[in-house]
Amino acid sequence: SIAIGHQQDVGLGDVPMKNIERELICPICQELFTHPLILPCQHSVCHKCVKELLMPNHDDSLSTDAGSESSNPGSPRARVPSPSMEKLERLVRSGSISSPGWRRSSVTPRVTTFPCPGCQHDIDLGERGISMLFRNFTLESIVERYRQAARAAVAIMCNVCKPPVQEATKSCMDCKASFCNECFKMNHPWGTPKAQHEYVGPTTNFRPKVLMCPEHEMEKVNMYCEVCRRPVCHLCKLGGSHANHRVTSMSSAYKILKEKLSKSIHYLISKEDQVRTQISELDVLIHHTEENGQLAERRANEHFEHLFETLQERKTEMLRSIQQSRNLRVERLRTQVEEYQGMLENSGLVGYAQEVLKETDQSCFVQTAKLLHVRIQKATESLKTFQPAATPSFEEFVLDTSKEEILLKELSFSGVPEPPVIDLSRCCVYNEGLIHWRLSEDSLPTDHHIVEFRKLGAEEDEEEEPCWSATERVYGCSTVVSDLSSDSRYAFRVKSCRNGVFSPCSPEVTFHTPPAPVFGFLFNEKCGFSAERLQLSQRRDSVESVAGMSFLLAAERVQTGSYICLDYIIGDTGISHGRHYWAFRVQPNSYMVKVGVASDSKLTEWFHNPRDTSSPRYDHDSGHDSGSEDTCFEVSQPFTLVTVGMGRLFIPKASVSAAGDHSSRVLPMPQRIGVCLDYDAGRVFFYDADTMRLLYERQVDCSGTMYPAFGLLGGGAVHLEEFITAKRLSYLHLKV
């Protein structure tokens, strides 16, 4: 049941309500929560806000009611209009709630998936939408107490009184109304069922006494799913979406979570002095940051001012040179124009010569004509070989500032970039290596990255410098390194470049490539696949065993010992020659999963024999009794399967371990399991795919086409590695 009343919220009375306001603000509308709903990621959002996200064109019928006081002028926060679709779209465009999961239905405007505004994780509410979410009554009660504390002078009035309305003294949680003393007595007379109603102090926040399951509306929640982190009912566990999940009783979950929360709170309270000291240190850092930021701004401004001054000086000097050259050229050309104008008839030199020719005195004529004839000859020669006194082109004054522009565009603060860090959790290395890395959060943007790698030999000369190969420039934070040798160890490192300056290399990481090329396949949804008990992903790269109602009903025949068996699924591509390797992950909480290889003839027997006893769990000639191959290990069979489950991998007694350790047949289940089939040699090998440590090998009869085989019993799941499915998916897309 749900705790009712303020007294049951232990310890909150000691918390000043005004200090927790920021914990009570919806991340979408930035107002106090109104009817908050709990998303699967455990963050809360107003009912109206999430409804506008899912159905933006739908008018919310829950705009005002008895429990919502967001429009009350006594509210401690100023009223801000509810988020319109324009605001939501603006948030999406700005990146505040952007996510690849933002998806709308192609038929209706209803959104089926949206990103949580708190953590950006995709929230898929499915077809039932908001009805699948629990209402956060605890948060709602705290918000209500905050409102009351912030407007202590505003009283809650009786909902039943006739004017003049009296101040309420009680609120009935069953009637969902507030009453004054007289109205409460009138509506809850002694000796009637209403007298048994539960009441609290005046409040506008009414919530149910018992939390009901949103999926099964008539069922009370009485368990807690540890996988989904939400309350569930017994029907959810019996055959619903939580059938294969680990659940615990509500009382146990309440006790454990309350104890953990109390311990965490007490720890924080005990460290109050340390927190205050760190707050003081942060205040000092803020002060220094502001001062240093202002100093950096002043220095940057000084540098740019100096650049501006230098540019201005050069500009003035070059413009002066251009002006002087222009004036000189114009002067020369104008002088030349005047000389040529003198060659015209009746003007200048020609006119003067014509007047001299009129002289009749011979001695006077000769005295004047001699110099004049020289000038006329020069004018004649210049006319024959015309050449301007100056060129109009100013090509020698054209500036090429392309290099300077590049330098200015690349102008940045000095300093060497910080080295990146290779993200091991996202790296996969087969005959190709997918290498991911990340930069520190406060690092400046980089121009590109270089990935370096080298093959590690068995014997390396420490005196010689290692020879590293490098990729082309990478402008993202991941790349694929191709053409890696099989069964080899490689070291990888990454360095960043900014403005031609390289960072130090990242710490080296080492990967071991598989012993054979990658074999690409997807799960086969046709051959023997049981859609009733196996759930296949849309991409066909994951399969999950669903222990539903049909499996439970089949348990009636379990006393015969031969009806409950493994459900098999195989790869859609077979192997008829060569060496091949593939890898996959088995879900840690899987009950029992068998993994390995099987021939087409054996698969035909398993899938088409009407008797369930054809399962290898009951095939007495196979030596596979619940994962054991002890009885006939030396006999070559057309299949080999290893049992994985409950966080363990089981090694048969007669097998030969790569480490030579025969002391234990039970090993921790690797995070990734690799299988290598040598068809020509007739042997199959099982590896820890992270370290490439050989766990188990065995002879296998490869007389037909061999297929990757997987068997699941009870709850469990298998996920193929991305590199295993990538080539196959690319081929299928090309076919389509």
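I took rings of Phe, Tyr and Trp (its six-membered ring) as a pair if their centres lie within 6.5 Å, with planes under 30 degrees apart counted as stacked, over 60 as edge-to-face and the rest as tilted. In this predicted model, the count by that rule comes to 14 aromatic pairs.

I looked up Phe179 and Phe184, whose rings form an edge-to-face pair, at 6.0 Å centre to centre and with 70° between the planes. Phe179 is buried, and Phe184 is buried as well. I then checked for a charge at this site and found that Lys170 lies over the face of Phe184, 5.4 Å from the ring centre.

Why is the pair of Tyr490 and Phe492 tilted? I found their ring centres 6.4 Å apart and their planes at 35°, so the pair is tilted. Tyr490 and Phe492 are both buried, and together with Phe453 and Phe511 they form one aromatic cluster.

I turned next to helix 7, which runs over residues 272-341, and noted that its 70 residues reach 100 Å from the first C-alpha to the last, close to the 104 Å expected at 1.5 Å a residue. Which residues of helix 7 are buried? I noted Ser325, Arg329, Gln336 and Tyr340 as buried in this helix, and the buried residues of helix 7 pack against helix 9 (362-384). For Arg329, I also recorded that its charged end sits over the ring of Phe394, 4.5 Å from the centre of that ring.

Technical notes: Residues numbered from 1 in each chain as written. Predicted model: local features only at pLDDT ≥ 70, side-chain atom pairs only at ≥ 80, totals over all residues. Heavy atoms only, no water. Helix = DSSP H or I, 4+ residues; strand = E, 2+ residues; numbered from the N terminus. Expected span 1.5 Å × (residues − 1). Buried < 20%, exposed > 50% of the residue type's maximum accessible area, 1.4 Å probe, protein only. Contact = heavy atoms within 4.5 Å. Lys NZ or Arg CZ within 6 Å of the ring centre and 35° of its normal.
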